[in-house]
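This briefing is meant for a reader who is new to the structure shown below. Please look it over, and then follow the points topic by topic.

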Amino acid sequence: MIEQTMRNVCYIATLFLVLGCTKQSTETRYYPSKSSFPIEKIELVDLDTVQLNFKELTNKIARYYNEEKRLFVEFNDSTIKKQVIPYTYDGGLVKFKNVLRIKSDSILIDNGYPISELKRILKRHFENKGRVPHYSDAPERALVEVTIDTSMNGKELKEVLIKITRAFDEINEETKDTLKLRVFFDYFRQLPLPPPPPNMKSKYK
């Protein structure tokens, strides 16, 4: 009886150990692609531990461009480790139509969509090929912009990136093309518009 009990205890302990191991990351996915990640001149930012908010992180990415380095963000999505090289606008020409802007709860295109429509709209964006004027010209020109509140932290940014990468991965499996997910960070469009100029005529009434 004691021997059987010990066997049961050992079996349960082994089971817990196996289950614990399966929760660890078993695969790494790279965005836009694995070949985009240089071996040198790169810095990792773990979104679960980073102390920077979205504005500070975006500014840091922009500084890295000036120093010819690369910064990538990393996070775990269940058993998948995901690494994303985020980009910022550096003054180069980017067509407005090639950028799909995504907030934490909505998609900023047409009259706006809830984030639950992300896969459908993202697929339309990548597969448009110039058919609809205000969607991307071609899959290789399609960009995704994350534009969340400047004060959001790394874990909140991670939740947005999980939604985007999951939708993209599903689309990539369904399409015959080899797609690349290029993610831009930008907060400038969240700044309030400047006040209108004063009515000069009213000064003399």
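By class, the residues lining the largest pocket are 5 nonpolar, 3 polar and 4 charged, where Ala, Val, Leu, Ile, Met, Phe, Trp, Tyr, Cys and Pro count as nonpolar, Asp, Glu, Lys and Arg as charged, and the others, Gly among them, as polar. The model is predicted, with local features needing pLDDT of at least 70 and side-chain atom pairs counted only at pLDDT 80 or more, while totals for chains, interfaces and linings use all residues. Residues are numbered from 1 along each chain as its sequence is written, and side-chain values use heavy atoms, with hydrogens and water left out.

**The largest pocket**

- The volume of the largest pocket is about 190 Å³, a volume being the space filled by probe spheres set on grid points that are joined across faces, edges and corners.
- A pocket is found on a 1 Å grid over the protein atoms alone, as an open set of points where a 1.4 Å probe fits, with protein on both sides within 12 Å along at least five of seven lines, and its lining residues have an atom within 4 Å of a point.
- The lining includes R29, Y30, Y31, P32 and S33, and also F168, D169, N172 and E173.
- At least two lining residues come from each of β1 (27-31) and α4, and α4 gives the most, with 4 residues; helices (H or I, at least four residues) and strands (E, at least two) are DSSP runs, numbered from the N terminus.

**Backbone features**

- Most residues other than glycine have a negative phi, and most peptide bonds are trans.
- Y31 and P32 are joined by a cis peptide bond with omega of about 10°, and P32 is found in the loop between β1 and β2 (42-46).
- D110, although not a glycine, has a positive phi of about 55°; D110 sits in the loop between β7 (106-108) and β8 (113-114).
- K129, also a residue other than glycine, has a positive phi near 55°, and K129 lies in the loop between α3 and β9.

**The largest nonpolar core**

- A nonpolar core is a set of buried Ala, Val, Leu, Ile, Met, Phe, Trp, Tyr and Cys residues joined through side-chain atoms within 4.5 Å, and the largest one has 49 residues, of which L47, L57, V146, L157, L161 and F185 touch the most other members.
- Among the elements that give two or more residues to this core are α2 (54-66), β3 (70-77), β9, α4 (154-174) and β10 (183-185), and α4 gives the most, with 8 residues.
- Leaving aside neighbours within four places in sequence, L161 is in contact (heavy atoms within 4.5 Å) with L47, V73, F75, V146, V183 and F185.

- E145 belongs to strand β9 (residues 143-146) and is buried, because its relative accessible area is 0%, with buried meaning under 20%, exposed over 50% and partly exposed in between (1.4 Å probe, protein chains only).
- The side chain of E145 makes a polar contact with the side chain of R101 (3.5 Å); such a contact is a pair of N or O atoms within 3.5 Å, and within protein one must be able to donate a hydrogen and the other to accept it, while residues adjacent in sequence count only if both atoms are side-chain atoms.
- D149 is found in the loop between β9 and α4, and D149 counts as partly exposed because its relative accessibility is 38%.
- The side chain of D149 makes a polar contact with that of S151 (2.5 Å), and the C-alpha atoms of D149 and S104 are 8.3 Å apart in space, with the two residues 45 apart in sequence.
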